[in-house]
Amino acid sequence: MAKYLAALDQGTTSSRAVIFTEDGKMVASFNQEFPQHYPHPGWVEHDPKDILDSQVTSLREAVRLSGVNPADIAAIGITNQRETTFLWDRRTGECVGNAIVWQCRRTAKMVDELTARGCGDMIREKTGLVPDAYFSGTKLKWMLDYYNLHERAEKGELCFGTADSFLCWNLLEGRPHVTDATNAGRTMLFNLHTQDWDEELLKLLDVPRACLPDVVDSSGIIGMLDPAVLGCRIPVAGMAGDQHASLFGQACLKPGDVKNTYGTGCFMLMNTGDQPVRSENGLLTTMAWRIGGKPTYALEGSVFMGGATIQWLRDELKIISHAAESEALAQSVPGTGGVYLVPAFTGLGAPWWDSYSRGTLIGMTRGTGRPQIVRAALEAIAYQSADLMEAMIRDCGHRPEQLQVDGGASANAFLMQFQADISAMPVVRPRVLETTALGAALLAGLGVGMYTDLTETAAVWQKDLEFTPKMDEATRLLELGGWHRAVERSLGFAR
Ligand code: ADP
């Protein structure tokens, strides 16, 4: 009787595979990093071969380490870095060039042109996205233009896909050309309301439908893993972009449920149920997942400098030697003494959206030292997340009962307590912090009927720790006020 689940987690800097038991315990995992390519300033690429090789290696190694017989793996789920764009030959499988990574800014001008032509609102309305070079649409157009491939794409000789598509095409029997609705929703070509590629957007970006994958549900059998990978056929039955998988892995299944992932950046997603909510506060509208043909939507906001602020303390300021050290240092003082760090190193995202704001350290006195600055850096991660939470509450008119957290920096107890305090909301950390991989595994388990419904997948989620708010309201408002005054001073500085 097959009783394990496997997740492939194809990330930006590494490919990972995790083997779970049916009740969501991690049996083994393996991570393999791959090189990043920066051919020009602001450009980021991945070699598709590295992506495929590292993913296959990590799956084989995770299975080997787990000691599990591959025949006992009931299903595989795929989750992935979103938006990164691949284009390959339908006959040979050869990619036309390196994948263009989500971080790559090469199509920023193309997006400026679209907005100058007044297309911004239409794109916003149909896709839920704020037009940006971040999303796949302009990256695909760039590839078709640069390699002069419009005609071949029109004839159906080429396949476009994000990492999920690329892995399915290469690892599944019969080479299905598919993507799931969450990944499709990040292309700027997918209409959230019709759940289909949008003709007007395809025309706008000069992308032929013939090169686009079929859009499948996030849960359900997509195909069988080619036996060349693990020696037996295994159903691949779940697929979702990383942040969506993590929302599912956190069991944020009801409207108003919200999670924040504290990684290099922070990604906050709130389930908004079966209706897409249009944000008035600079958030994105996105898919949560699509199951049984039924879309569930989410609001999304991100903090550019999350854990990366702590990397900056370590690598540039060199005032800590490892990230975990920040916790004790922050706790060694009762407060920052009025110091605020606004880590707007690359501008600020929602709800500010100012690409000209820059890093600002303000409020220092003669007594300001290392602990205060480290504490201000950690607090900044929480303040930025609190601003996202407030934007979500304003957009959906509902205050969540709690914030569920995961990601590397959620290990920091000071940060989590300060988040609870400044958001006046309990912060809940689950036992399994690998919620992205877990979410993909659960979607796959649901897809093969290992779980009969969402109540059963939700039962896998287990609370580890809860941080309850302890700050009095007057102090909270005072601290938040200080933060917002600091943010104001950082805005527009590089203009
Ligand atoms: P990603 O998936 O984006 O690579 P991770 O979830 O692995 O990120 O988290 C790594 C980030 O978390 C790094 O930016 C690191 O600085 C930060 N981080 C890790 N541990 C801690 C800690 N104990 N306190 C604060 N930040 C931390």
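Helices (H or I, at least four residues) and strands (E, at least two) are DSSP runs, numbered from the N terminus. The model is predicted, with local features needing pLDDT of at least 70 and side-chain atom pairs pLDDT 80 or more, while totals for chains, interfaces and linings use all residues. Residues are numbered from 1 along each chain as its sequence is written, and side-chain values use heavy atoms, without hydrogens or water.

**Figure 1. The shell around the ligand.** The ligand is surrounded by 13 residues, a residue being near a molecule if one of its heavy atoms lies within 4 Å of it. The closest are T264, G307, Q311, G408 and N412. Helix α11 (residues 307-317) gives the most to this shell, with four residues. Five residues of the shell are nonpolar, eight are polar and none is charged. Here Ala, Val, Leu, Ile, Met, Phe, Trp, Tyr, Cys and Pro count as nonpolar, Asp, Glu, Lys and Arg as charged, and the others, Gly among them, as polar.

Figure 2. The side chain of T264 has an N or O atom 2.6 Å from an oxygen atom of the ligand. At G307, a backbone N or O atom is 3.0 Å from a ligand oxygen atom. A nitrogen atom of the ligand lies 3.0 Å from an N or O atom in the side chain of N412. On its own the ligand has 580 Å² of accessible area, and the protein covers 67% of that (Shrake-Rupley method, 1.4 Å probe).

**Figure 3. Packing of α2 and α4.** Helix α2 (residues 108-116) packs with helix α4 (residues 136-146) at an angle of about 110 degrees, and their axes are 10 Å apart. Axes are lines fitted to C-alpha atoms over the stretch in contact, and angles run from 0 to 180 degrees between N-to-C directions. The angle therefore makes α2 roughly perpendicular to α4 (65 to 115 degrees).

**Figure 4. Two backbone features in loops.** A350 and P351 are joined by a cis peptide bond, with omega about -5 degrees. P351 is in the loop between β19 (340-342) and β20 (360-362). D206, a residue other than glycine, has a positive phi, near 55 degrees. The loop between α8 (199-204) and β12 (214-216) holds D206.

Definitions and conventions:
A polar contact is a pair of N or O atoms within 3.5 Å; within protein, one must be able to donate a hydrogen and the other to accept it, and residues adjacent in sequence count only if both atoms are side-chain atoms. Angles under 35 degrees count as roughly parallel, over 145 as roughly antiparallel, 65 to 115 as roughly perpendicular and the rest as oblique.
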